[in-house]
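Subject: Structure for your review

Dear colleague,

My notes on it come after the display.

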Amino acid sequence: MESVGSTLKICHELPPDFLTLHARDLHQHLSGPTLFHLAGKREPPIFVSILLHGNEDVGLKAVQRVLNELVDKPLPRAMLLFVGNPESAQAGLRKLPHQFDFNRVWPGTDLPPSQYTECMQAVVECAKQVGVFVSLDLHNNTGANPYYGCINRVDARSLQLATLFSRTVVYFARPLGVQSAAMAKLCPSITCECGKVGDEGGVTRAADLLAACLHMQELPDHPPEQCDYHLLRTVATIKVNSSASFGFNPSDAACDWLLPFDIALLNFRPLPAGTVFGRRRTGRNTSLLKVTNEQDQDVTDDYFAMVNDELVLHQCAVPSMLTTDIRVIRDDCFGYFMEEFDMVTAEAHQRIGQQATL
């Protein structure tokens, strides 16, 4: 075992019982973030990150399923397997209270330097040194979302990789500091949103993608047929103001705001103007949501208006990742707004972005 940076450990074989361990028990073998470089017949390796959020175990289960099928056989392709946060996995939490979010501290983050940013920089440097075929970041989520792949570059190989996982593909530029954006500078890269924790269908999807990438000789360099994917673009992030108290239970009279208990069912559905997102209690004067665009500008008034103490959509919008998990809402965000996207618009959008950074 090697130590790199202040927290990263590098190993060349998996610990005992890794293929059967529950996520909460990994801490017994891993003291922190660990990168495994597993040999295979073909190089360069695929990169797989799991448990960046400790309560999202789909990645571990998918890796275990695939590697159990290959026990006593060489891997068809080498693998760099990064296990992010076994400490928070032990507690069953996205992150521990003293930690930064492990999927917001990769190169490109706007967070200050820390042991976490140093660790992820070391991971990327290791991947850069050996070369990487493709990168998969495997996640669960908390709302009623379809299985979908997220990309940070709209190009032929990124789309080919994404459509191996799902027909639904989402391009995003924010949040900053995510694994997929950092790895996209090295290879085709995707974040896989695999449904809620415990969704075995999501584990199967992730395992099938992992197996396909291990056995694949090369990724096609031409775009998939347009009918084979549905491309969306995240255009805004929805956050709850820290001063606002809110809840989803009508009996909770202490909250300033009452939100629809079934709001997570609206994900990936086009919502008309007038859709109610929350009702403010009579006599309360706190604001609920803040919406920011890709440039981190406040665009709340473009999306929401107050009508008789109800917060309603001011325009049509397609949400994603809306959740009723209050801890996730406070630690991260309430959800996102998306719009339809296509290759022509995407290429123009990316050219503008590149010029802006020169």
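The notes below cover a helix pair, a further helix and a loop residue. Please bear in mind that this is a predicted model.

Helix pair H1 and H6

Two packed helices are described by the angle between their axes and the distance between the axes. Helix H1 spans residues 58-69 and helix H6 spans residues 200-215; their axes come within 8 Å and cross at roughly 55°. The arrangement of H1 relative to H6 is therefore oblique, and the crossing is right-handed.

On the H1 side, the contact is formed by Val58, Lys61, Ala62, Val63, Arg65 and Val66. Their counterparts in H6 are Glu200, Gly202, Val203, Thr204, Ala206, Ala207, Leu210, Ala211 and Leu214.

Helix H4

Helix H4, residues 156-165, is mostly covered, with 7 of its 10 residues buried. The buried residues are Ala156, Ser158, Leu159, Gln160, Leu161, Ala162 and Phe165.

Residue Asn285

Asn285 lies in the loop that runs between strand S13 (276-280) and strand S14 (289-293). Is Asn285 buried or exposed? Its relative accessibility is 69%, and exposed means over 50%, so Asn285 counts as exposed. Along the chain, Asn285 and Ile326 are 41 residues apart, and their C-alpha atoms are separated by 21 Å.

Yours sincerely

Terms used:
Residues are numbered from 1 along each chain as its sequence is written. This is a predicted model: local features need pLDDT of at least 70, side-chain atom pairs count only at pLDDT 80 or more; totals for chains, interfaces and linings use all residues. Side-chain values use heavy atoms; hydrogens and water are left out. Axes are lines fitted to C-alpha atoms, for helices over the stretch in contact, and angles run from 0 to 180 degrees between N-to-C directions. Helices (H or I, at least four residues) and strands (E, at least two) are DSSP runs, numbered from the N terminus. Angles under 35 degrees count as roughly parallel, over 145 as roughly antiparallel, 65 to 115 as roughly perpendicular and the rest as oblique. A crossing is left-handed if the near helix is turned anticlockwise from the far one by less than a right angle, and right-handed if clockwise. Contact means heavy atoms within 4.5 Å. Buried means under 20% relative accessible area, exposed over 50%, partly exposed in between (1.4 Å probe, protein chains only).
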